[in-house]
Amino acid sequence: MALILAIETSCDDTCAAVLDGPRILANTISAQADAHARFGGIVPEVASRHHLELTVPVVEAALAEAGASLDDVEAVAVTVAPGLIGALLVGVSTAKAIAAPRRLPLIPVDHLQGHVAANFLEPEPLQPPFLCLVASGGHTLLAAVRDRAGHEVLGQTLDDAAGEAFDKVARLLGLGYPGGPALERLAAEGDPGGFELPIAMSRDPGLDFSFSGLKTALVYLCRELGPDGVEERRADLAASFQAAAVGQLTAKLERALRGGEWGAVALGGGVAANGSLREAVAALCERRGLRLKLVPGELCTDNAAMIGSAARFAPRLPYPDYLAYDAFAGGGQPAA
Ligand code: KG4
Ligand code: ZN
């Protein structure tokens, strides 16, 4: 067997996967949500310490589920940027420690390219070119995907990420962490037209996003309503927020599609697991006669299968060239 072992520890999920080409043999995730819930968000130092404890057991679990051993692995892929630096370092160190004694190549992977590359996995891998909307807890961007090796950013958020806004509004409404899925569940019981919220950037001719104004609008609204009013209208607040956030994401996607260059659309990132966004994008694609690729929710949120998928089309560093290789908190091209 010539398998790729992939490791992802850029944020609060400890993930390992085993891939045979585009086929996922194992995709193991140990979420740390409980460890961070009492803080209402991710604490970087807590995330790093949990990764230290969890990475090796998660790798072992992934190999066991794949029915494979390290002897079957031909390359080790790992997320090197962007993310929490302490969290990334645990994954990178582990990947090096697995690869080096076996003289295996190491494949450094950009986390955002990972979200794009989730669409190259079986079943029905999507072939470029396509336009990909990536919306996660740390990033929101429109990616032009012309080949499987990378993407061009056409527009991105100028402030908060979409998932960050979901998490902050969820917190405002007394929902737990992570807030996105909880907010979606609450929104299902509410009226999306209950409160009129602005669709940010709708008059902006570019392809950038902004979510901080929407979050602030919710803060003021909750202040006006007072604790009892918020309690009474929680579901309407959640539904109205979700409608405004999804409205902005789909409006910018539609603007990017107007040139007519794209025949297919894909989604990526944790917010792409949101049913309301998936429905809105499906309706948009139907209207415009475009192919839409939607990967299952567990491939939208952080996972290592997407990192292994990106690694198939990324340069490999041979042993020992990667021994001094580092992780990078910011995006961009890491230097070897
Ligand atoms: O891609 P991801 O797992 O991690 C990052 O790279 O950031 O995305 C996590 C984000 C969180 O902000 C979470 O609240 C959001 O995705 N999210 C959702 C849903 N599921 C996860 N947001 C809205 N609706 C969901 N169903
Ligand atoms: Zn992510």
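Guide: We will begin at the metal, and then follow the chain into the loop beyond.

This is a predicted model, where local features need pLDDT of at least 70 and side-chain atom pairs count only at pLDDT 80 or more, while totals for chains, interfaces and linings use all residues. Residues are numbered from 1 along each chain as its sequence is written, chains are lettered from A and ligands numbered from 1 in the order in which they are written, and side-chain values use heavy atoms, with hydrogens and water left out.

Start with the zinc ion (ligand 2). Three residues hold it: His111 and His115 each through NE2, and Asp302 through OD, at 2.0 to 2.1 Å. Donors are N, O and S atoms within 2.8 Å of the metal (3.2 Å for Na, K and Ca), and since water is not among the atoms, sites may look incomplete. Around the zinc ion (ligand 2) there are 4 donor atoms, and the angles among them run from 95 to 141°. What is the geometry of the site of the zinc ion (ligand 2) called? It is irregular. Four donors count as tetrahedral if all angles lie between 85 and 135 degrees; four count as square planar and six as octahedral if opposite donors are over 155 degrees apart and all others between 65 and 115, and anything else is irregular. For comparison, the ideal angle for four tetrahedral donors is 109.5 degrees.

Now see where these donors sit along the chain. Their spacing reads H-x3-H-x186-D. Histidine 111 belongs to helix H4 (residues 111-117), while aspartate 302 is in the loop between helix H9 (297-300) and helix H10 (305-311), and this pair, 191 residues apart, links distant parts of the chain. Helices (H or I, at least four residues) and strands (E, at least two) are DSSP runs, numbered from the N terminus. Both histidine 111 and aspartate 302 are buried; buried means under 20% relative accessible area, exposed over 50%, and partly exposed in between (1.4 Å probe, protein chains only).

Next, step into the loop between H4 and strand E6 (130-135), where you will find phenylalanine 120. Phenylalanine 120 has a relative accessible area of 1%, so it is buried. From the C-alpha atom of phenylalanine 120 to that of valine 295 is 9.6 Å, although 175 residues separate them along the chain.

The peptide bond from glutamate 122 to proline 123 is cis, with omega near 0°, and proline 123 is in the loop between H4 and E6. Another cis peptide bond runs from proline 128 to proline 129, with omega near 5°. Proline 129 also has its place in the loop between H4 and E6.

Glutamate 124 is in the loop between H4 and E6 too. Its phi is positive, about 50°, although glutamate 124 is not a glycine. Is glutamate 124 buried or exposed? Glutamate 124 has 59% relative accessibility, so it counts as exposed.

Arginine 103 is another residue other than glycine with a positive phi, near 60°.
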